[in-house]
Protein chains: 2
Amino acid sequence: MSEIKELAVTSAAVTSKPVRVKKPPRAARRGTGDTTLSDVAKLAGVSAITVSRALKTPSVVAPETLARIQDAVSRTGYVPNLMAGGLASNRSGLVAALMPTIAGSVFLETVQALTDAFDDAGCQLILGQSGYTGFREDALINAIVGRRPDGIVLTGIMHSPEGRKRLLASGIPVVETWDLTPTPIDMLVGFSHEKVGREVADFLYSKGYRRPAIVSADDYRAGLRRSGFEQRMHALGVAPMPVHIVAAPTSLRDGREGLAALLAQAVDVDVVFCSSDVLAHGVVTEALARAIDVPRDLAVMGFGDLAFASYIHPALTTVHIDGRAIGRQAAQFIMDRIEGRDVGERVRDIGFSIVPRLSA
Amino acid sequence: MSEIKELAVTSAAVTSKPVRVKKPPRAARRGTGDTTLSDVAKLAGVSAITVSRALKTPSVVAPETLARIQDAVSRTGYVPNLMAGGLASNRSGLVAALMPTIAGSVFLETVQALTDAFDDAGCQLILGQSGYTGFREDALINAIVGRRPDGIVLTGIMHSPEGRKRLLASGIPVVETWDLTPTPIDMLVGFSHEKVGREVADFLYSKGYRRPAIVSADDYRAGLRRSGFEQRMHALGVAPMPVHIVAAPTSLRDGREGLAALLAQAVDVDVVFCSSDVLAHGVVTEALARAIDVPRDLAVMGFGDLAFASYIHPALTTVHIDGRAIGRQAAQFIMDRIEGRDVGERVRDIGFSIVPRLSA
DNA sequence: ACTGGAAATGTTAGCGCTACCATTGCAACT
DNA sequence: AGTTGCAATGGTAGCGCTAACATTTCCAGT
């Protein structure tokens with residue numbers, strides 16, 4: 001067996017060449033054919049690093065050199081390869097945002113604020129949809145961490161221990177949002193959903209409502225609001241209430257069907273607390289279709305204070321959450337971290353406020 | 001180790017060259033400290049490339065080797081650096097989606113479909129918001145192209161010649177969506193907005209409406225629908241109609257104010273064609289608040305067929321666009337391109353359909 | 001017994017950029 | 001004159017990975 005090899009060696013030796021022959025020059029290399037930094041450098045008559053500096057920190061490059069480089073850049077149509085830059089500098093310029101779903105979501109404002117803030121800082125947002133079930137979240141985390149983003153914004157708090165570990169191990173700044181916990185992975189900006197439930201209970205009770213019902217999504221945070229609401233109502237001496245649960249994400253349809261279901265099983269309801277404005281809108285719509293006067297015959301309360309809440313008829317009483325502020329603060333957290341600044345208190349409760357309008 | 005260096009120094013001295021001595025070994029290198037492919041390789045007792053293959057194409061690696069590697073991966077918590085991989089393979093695994101705005105948009109379904117489709121293919125979506133003005137679009141294009149995405153999905157057709165050129169020069173597969181043009185940059189999936197306008201005109205005319213009005217956003221595509229509508233109505237002998245224009249993106253509020261403005265200037269209207277369902281919803285809401293019966297006293301027509309359209313009261317007559325299909329086809333286009341398959345006809349008109357419900 | 005070839009693994013050389021340090025030239029000081 | 005300091009620029013060596021080719025092993029086919 002090994003003789004074959006020997007033979008080969010021998011034959012090489014016969015030609016009096018050292019055993020390991022020098023490789024022939026490789027065939028044409030791969031590569032994109034795109035203009036590169038050194039193409040520009042060559043054209044401008046400087047070194048590559050100077051071009052790099054001209055683009056990143058123009059202030060350290062002499063004005064004429066800068067002009068020559070800029071000219072070369074625009075003549076070649078050079079666009080820096082940010083993957084290469086990211087690899088070399090260990091700064092990807094990417095920030096990941098994970099959310100349950102993008103569709104019709106209350107988180108959109110947060111994402112918008114995030115995009116805006118990072119855009120100004122030259123970072124792009126990578127979007128990941130984890131779904132409401134959490135099954136995909138772990139796979140997503142891996143895909144995201146693989147990009148070595150400069151930060152990760154999570155919607156909700158991370159529940160999978162596996163995901164937590166991965167995130168922690170990655171050393172990437174993480175901001176959890178839209179919820180509160182004393183033990184965030186890293187940083188957090190949100191508010192207490194249970195407290196929302198309790199305060200809504202107080203608010204409705206103080207307005208005289210005694211026969212509440214709930215139409216709620218089956219997601220974790222909605223559940224927190226619901227139990228806060230139920231507990232407080234119970235503490236106030238209100239009898240157990242009918243509850244209608246729908247699958248997240250919620251739709252107008254779910255709200256309509258929710259009220260229909262509630263009415264079918266229990267007529268004795270004077271207010272419906274919904275886990276989202278969309279749901280509340282559905283309830284109001286169903287009431288309208290059934291000629292039930294809102295709020296005289298039935299009051300409705302939403303959650304989120306989405307853009308339409310104050311413009312539907314009747315204007316929706318709801319809980320205002322400043323989604324943009326959450327996004328802004330999350331971006332701030334991450335940028336402070338990137339720049340190595342002290343972020344201060346790592347848990348920020350941005351609170352909420354009840355907005356009394358006409359529907360309750 | 002150091003002997004080599006010494007030797008080098010000596011030899012330089014011997015040849016009495018004052019020229020530069022070989023550099024001393026560099027100080028500790030940079031780097032993340034993360035586990036790398038070769039760490040895993042070392043642990044598994046194979047070469048780096050074998051680990052790479054085990055992760056990308058497990059079928060070409062022997063089962064026991066694979067097992068050893070997988071064990072090493074899970075023991076180290078290794079997560080591949082996709083930037084490095086992307087740089088080496090010239091495949092970033094990133095796809096960019098540019099849209100005017102994410103908030104409350106009709107494009108969300110498309111983005112969702114895009115995310116889903118690319119997720120399955122192991123690609124992540126980068127989100128870019130260009131705004132409705134187009135000012136930011138060029139800057140965004142540069143930032144995006146710099147990431148060397150495997151594909152770019154544009155919402156609407158590209159209008160800036162500068163942006164067009166950049167995109168074309170980049171050689172990245174581009175899909176323009178939600179509009180139609182015989183001269184796309186590369187590929188396109190959409191429909192004709194003017195045709196929507198014309199067919200809506202025919203539809204409403206055939207239902208007997210003769211005194212139309214328009215509430216429309218000021219964006220390009222809405223303008224197309226509007227002019228198609230006006231021209232056809234004119235051709236049908238209808239007198240010029242009152243038009244109320246609002247700034248994109250549209251809100252429920254804009255719709256309410258739109259109807260109020262229309263009513264203030266011209267009472268003689270029997271149907272309002274709105275450039276979005278949200279606007280139409282606002283018009284319906286304002287009518288409700290004013291006790292104007294829809295559709296008896298005033299008919300309303302929307303555009304988009306968003307999820308809520310069939311569930312508001314009265315159910316909204318509108319134009320259905322299959323946003324998910326647009327997203328799916330766009331993803332298909334790009335993946336076919338990446339895989340080097342023939343994409344066939346590069347312009348796909350996915351059409352639209354008028355959905356008659358109760359509001360008109 | 002030997003060859004051909006498929007399967008499994010390895011070696012080498014970058015992908016395009018930036019960190020790190022070095023060098024040069026020149027004005028401003030002792 | 002010699003030194004210092006600073007502004008501007010350059011050289012080198014990777015970042016962590018994969019393409020391209022090379023090598024080894026082993027077995028079927030003659």
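Two residues are taken to be in contact if their C-beta atoms, placed from the backbone, lie within 7 Å. On this criterion, in the predicted model examined here, the contact between the two chains takes 47 residues from chain A and 47 residues from chain B. On the side of chain B that touches chain A, at least two residues each are supplied by α5 (82-89), α6 (108-120), β2, α7 (137-145), α11 (252-265) and α12 (277-289) of chain B, and β2(B) gives the most, with six residues. By class, this side of chain B comprises 23 nonpolar, 18 polar and six charged residues. Of the interface residues of chain B, 100% are also interface residues in chain A, so the copies meet through the same surface.

Strands β2(A) and β2(B) run antiparallel and are joined by three bridges, with Leu125(A) standing opposite Leu127(B) in β2(B).

Strand β2 of chain B also takes part in covering a helix of the other chain. In helix α7 of chain A (residues 137-145), the buried residues are Glu137(A), Ile141(A), Ala143(A), Ile144(A) and Val145(A). The elements that cover them include β1 (94-99), β2 (124-129), β3 (151-155) and α8 (161-170) of chain A, together with β2 (124-129) of chain B.

A separate part of chain B contains an open sheet of four strands in the order β7-β6-β8-β9, with parallel pairing. Strands β7 (243-246) and β9 (299-301) of chain B stand at the edges, each with a single partner strand, so that one side of each is left without a neighbour in the sheet. From one strand to the next, the twist averages 15°. Strand β6 (residues 212-217) of chain B is joined to strand β8 (residues 271-274) of chain B by four bridges, the two strands running parallel, and Val215(B) has Cys274(B) as its bridge partner in β8(B).

In soluble globular proteins, nonpolar side chains tend to be buried together. The largest nonpolar core of the model has 167 residues, and those with the most contacts inside this core are Val272(A), Val300(A), Val272(B) and Val300(B). When neighbours within four places in sequence are left aside, Val272(A) is in contact with Ala213(A), Val215(A), Leu259(A), Leu262(A), Val283(A), Leu298(A) and Val300(A).

Notes:
Residues are numbered from 1 along each chain as its sequence is written. Chains are lettered from A and ligands numbered from 1 in the order in which they are written. This is a predicted model: local features need pLDDT of at least 70, side-chain atom pairs count only at pLDDT 80 or more; totals for chains, interfaces and linings use all residues. A nonpolar core is a set of buried Ala, Val, Leu, Ile, Met, Phe, Trp, Tyr and Cys residues joined through C-beta atoms within 7 Å. A residue is buried if 20 or more other C-beta atoms lie within 10 Å of its own, exposed if 12 or fewer, and partly exposed in between; C-beta atoms are placed from the backbone. Ala, Val, Leu, Ile, Met, Phe, Trp, Tyr, Cys and Pro count as nonpolar, Asp, Glu, Lys and Arg as charged, and the others, Gly among them, as polar. Two strands pair if DSSP finds at least two bridges between them. Axes are lines fitted to C-alpha atoms, for helices over the stretch in contact, and angles run from 0 to 180 degrees between N-to-C directions.
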